[in-house]
Amino acid sequence: MVSPSPSIRIGVDVGGTNTDSVLLDETLRSSPNRGIIAHFKSPTTPDVTTGIEYAVKAVLADGNVDPKDVASLTIGTTHFINAIVEQDVRRLAKVGVIRLSSNFTRATPPFVDFPPALKEIMCGHYGWVSGGLQIDGSQIRPLKEDEIVAECKILNEKGLKNVVISGVYSPIDEFFKQEEVARKIVLRELGEDVNVVCSHEIANLGLLERENASILNASILTFAKRTIKAFRAAMRRLNLHCPLFLTQNDGTLVDAESASRLPIRTFSSGPTNSMRGAAYLSGLGEADSEKVGMIVVDIGGTTADVGMLLPSGFPRQASAYVTVAGVRINYSMPAIESIGLGGGSIVRVLTDGKVTVGPDSVGHYLTTAARVFGGETLTATDITVAAGDADVGNSSLVKTVEADTVVKAKAAMKKLLEDVVDLMKTSPEPVPVLLVGGGSIISPAELAGVSKVIRPPFHDVANAVGAAIAKVGGTVDSIENVSDRSVAETVKEVTNKAIQKAIDAGARPDSVRVAEVDTIPLQYVANQVRIVVKVAGDLDISRLAKQEVLLDGSDETDDDSADHGEAKKQKAAFTKSTAKSVDDISSYRPNIIGKEWHLTETDVEWLADGCYVLGCAGGGNPYPEFLQLRDMIREGHKVRVVDQQSLKDDAVVCWGGHMGSPAVSVERLGADECVEAMRDLLEYMRLEDFDAAMGLEIGGGNGLQPLIIGSSRYFNRPVVDADLMGRAYPTYYQTTICVYEEGQLIPAAISSGDGRSMVMTKANDDVIVDVALRAACSEMGSRVGLAARPLTGAKVRSRAVLNTVSFAWRIGRAIALANKTNTVAKVADAIIAEAGGPEAAKKLFVGKIVGVEQKLFKGHSYGQIIVEALSKDEEEQDGQTEFSGKLRIPFKNENILAELELPNGTKQMLATVPDLICVLDSQNGRALGVPDYRYGLRVTVLGIAASPRWTDTPRGLELGGPRAFGYDIDYTPLGIYKEPRSVIEEYSE
């Protein structure tokens, strides 16, 4: 019998197919068995409780350990994510959304970017009520109780029991607490048994993504509560009195009560457990091991989850935004790609002879439904056994499977795995794969693009091992005054508090490390900043107090059977999306009719990516504008582009866009403010018509605004392939029209989108126009639509930066092609080629963000990021060691300069404005804006030569060079500008 020891921990992972358990003694981790005393794998049972009880009882018996000597039980589960990926209507509830923003955000309603199937399953109702905050923390509108009551009446009529309350700027709402007030009203009207999720409890700034995450959390909430109650009931019957934990997305522990309220915290806990378990079992990251990055493929019974394990043994973190089952969210998660392929995946032979595998699965019914176990469903496991690659069940039961079916199914499984591995890689070079999970038997021993396949010991229970060794986290989320100290000093103080919190929660002091740091400025609140610090450390079992598991009587009989009453998962019927896919990006041709370019969804998607790159971190994220344009095109509206050659000299070209800080655009999504500003200006100038629209700037969301204005939904005018910046700049007067001619900015109109507007008619100079309008903009919530004095066609040709819509399109196409062909590591080279080659653009740096400071002052986001070169342990492909030191990038809405500090202290200026300094996410090649900057992101910094409109005259450099931003630096061009080729010219028939 193993001696009673406080170092003994039980880890359980409940998957869609199998429930795995391990008994682990961490004091024996240096032994050949890595401290694993016992392990067990059994099918996940329909009632969940029985499976956990059976698995834990088995390892206790196998290890000969008394339950009273167990220090902790930690459970990881993929139940919640599986239900969403499989679109299982038995476990997903319909959700009602009440958005606190009656005047804004209507152009991008809730569920707008959900895949059609999930939208049909989850969307019960959504509505808008008065509420929401401005950027300064003041109310857009006070809550109106009668409006919330009216929404509750609709929710009640529809029988909805899961509700999301989502308010503009709710994460900074420390005074009005609008979401919480609204929740109390909803509970009063609908009853305490209704689940109400407030978005500020789920994620940080980013309205649409936070709301999406809240919807997923709400949809799974009822099932999550039943599941966790079942876990606790099992503990009671097992006479386990140790603490119960669940594993979170980042590999740390969360108590069961918190997990039942916020199941989204565990959405990626299964894959994280497998990755952490794989690292532990393989010794990856230990001093005497081979320090290389690996792809980890965890194949269960239902899904295969793929992630990148860094040499340190920790998963690579995801981009600023991640997707779960096609839904874009901003909740912190490891970078994971999931596909519907597992041991229980259903194999079908179609009438044309084609063989498909998955994405649906028999799940936990594998041992009764699969043919090798006497069932009638052909699964991936049956194919593996029929091929002679595994000895599972009764192989004689699959002898009748045709050899051609086996070959085709194996090829289909191999292709699925190769594709998802390629999707996770950032370079085409072969990489090693660490293969874990009970369903890993279906994987071939060789995969294209993989140098070797490694199966560590106990690989089939790596997820349970990861749960057993999960760390203790400590998080501090506070608003701090930085009037008498720097943000860096404040972050250090908050970090110390987080470390102490982790220690108090049971972490061993010498093991605690910082996992994440976020600094979120409270815009227009002087010297206040929200700081979020998360740390993690090893569980100090020697200090862990035994805790009685207290349950009420209802848990005894709760078996969750209602969720498992049918063997075949149900899916909602839905109308397929009309979005066009591009199978061969390189052969795609834009739709040119005569001299006009008629945009498609594909064009708009590429333009959005390209505009964000040209925004140089400013201009606002174009994603909301992309969604508006996409839906316009789906509804049959026309969006047209013409080049400057189509304009007559006296043509009337109206131009404008959004004014305000890009930090606002992630929360207060666009309404019709730009259209309203244009109407106000036309009315003031008594213009009944105009010939074309043009953008203020091509960078960020403003690059797409003229397309919305010119669409057939509004003015039905073509958009000129040009803009007045060739990038994004923070002020209205930093436009090329002002370089050549003063006094051309007025009259100008601004509109708030909620009924407030202003027309400025006179000014002494161009600077005061921006100062005055921006002051008004601040009073209107720091985001307004702007329309300026129209230009003639002749002035567009002589003053504007030409073919910038074409340039943005080409950049977006390069990003799409890099992602499709798994050449993301070389996307900067592809963009350089589109910019005119190495003479016109350069890769400045590759590294990770190690410092972020930002504040808001007079409507602008100021700050800087520090990018540090990657260490050898952090490299994911060759060629990154050419960079060393740290790169400092200050910004004022947009990036201003890039200054390199080498390890020996030498400093070198790599680029300054007006040249474009673009920061790309190294994981997907897409741009990062100021609101996206955060610690730990791996980035590629790109420099692109500015248009001669800025560099050919002293006036251009005066307005757009480094001295315009307070830097006493002479501008040195990084290259020679090359005008982009017009898409219309290239693709005209």
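Reader: Which strands does helix α8 (residues 269-282) lie across, and at what angle does it run to β12?

Author: This is a predicted model, and in it α8 lies across β11, β12, β15 and β18 (431-436). The helix runs at about 55° to β12.

Reader: How do I read the sheet under discussion, and in what order do the strands come?

Author: Start with the general idea: strands of a sheet pair through backbone hydrogen bonds, either parallel or antiparallel. Here five strands make an open sheet, ordered β15-β12-β11-β18-β19, with mixed pairing. From one strand to the next, the twist averages 25°.

Reader: Which strands stand at the edges, and why is one side of each left without a neighbour?

Author: Those are β15 (336-339) and β19 (450-454). Each has a single partner strand, so one of its sides has no neighbour in the sheet.

Reader: Do β11 and β12 pair in the parallel or the antiparallel sense, and over how many bridges?

Author: Antiparallel, over six bridges, with β11 spanning residues 294-299 and β12 spanning residues 304-309.

Reader: On to cores. Which residues have the most contacts inside the largest nonpolar core?

Author: The general idea first: in soluble globular proteins, nonpolar side chains tend to be buried together. In this model the largest such core has 79 residues, and Trp597, Leu707, Ile831 and Ile944 have the most contacts inside it. Helix α23 (residues 804-820) supplies the largest share of this core, nine residues. Apart from it there's another core, of 41 residues, with Tyr732, Leu745, Leu791 and Leu897 among them.

Reader: What does Trp597 touch, not counting residues up to four places away in sequence?

Author: Its list includes Pro590, Ile592, Val639, Val641, Val805, Trp809, Val983 and Ile984. Asn591, Asp603, Arg640 and Ser806 are also among the residues Trp597 touches.

Reader: Is Val939 buried or exposed, given its relative accessibility?

Author: Buried: the relative accessibility of Val939 is 0%. The residue lies in strand β40 (residues 938-944). Beyond its neighbours within four places in sequence, Val939 has contacts that include Phe845, Val846, Ile849, Val867, Val919, Leu920 and Leu928. Gln923 is 16 residues apart from Val939 along the chain, with 7.9 Å between their C-alpha atoms.

Reader: Now a polar one. Where is Gln734 found, and what does its side chain make a polar contact with?

Author: Look in the loop between β28 (719-723) and α20 (736-740). Gln734 is buried, at a relative accessible area of 2%. Its side chain makes a polar contact with the side chain of Thr731, at 2.7 Å. The Gln734 side chain also reaches the backbone oxygen of Leu959 at 2.8 Å. Leaving aside neighbours within four places in sequence, Gln734 is in contact with Leu724, Met725, Tyr729, Trp950, Leu959, Gly960, Ala964 and Phe965.

Reader: Last one: how many disulfides does a search of the whole structure find?

Author: As a reminder, a disulfide is a covalent bond between the sulfur atoms of two cysteines. The search comes back with zero. Take Cys616, which is in no disulfide: the nearest cysteine sulfur belongs to Cys918, 4.3 Å away. A pair counts as a disulfide within 2.5 Å, so a cut-off like that is what to check against. Seen from the other end, Cys918 is in no disulfide either, and its nearest cysteine sulfur is that of Cys616.

Reader: Are Cys616 and Cys918 buried or exposed?

Author: Cys616 counts as buried at 0% relative accessibility, and Cys918 counts as buried at 1%.

Definitions and conventions. Residues numbered from 1 in each chain as written. Predicted model: local features only at pLDDT ≥ 70, side-chain atom pairs only at ≥ 80, totals over all residues. Heavy atoms only, no water. Helix = DSSP H or I, 4+ residues; strand = E, 2+ residues; numbered from the N terminus. Buried < 20%, exposed > 50% of the residue type's maximum accessible area, 1.4 Å probe, protein only. Polar contact = N/O pair within 3.5 Å; in protein donor to acceptor, adjacent residues only side chain to side chain. Contact = heavy atoms within 4.5 Å. Core = buried A, V, L, I, M, F, W, Y, C linked by side-chain atoms within 4.5 Å. Pairing = 2+ DSSP bridges. Axes fitted to C-alpha atoms, helices over the stretch in contact; angles between N-to-C directions.
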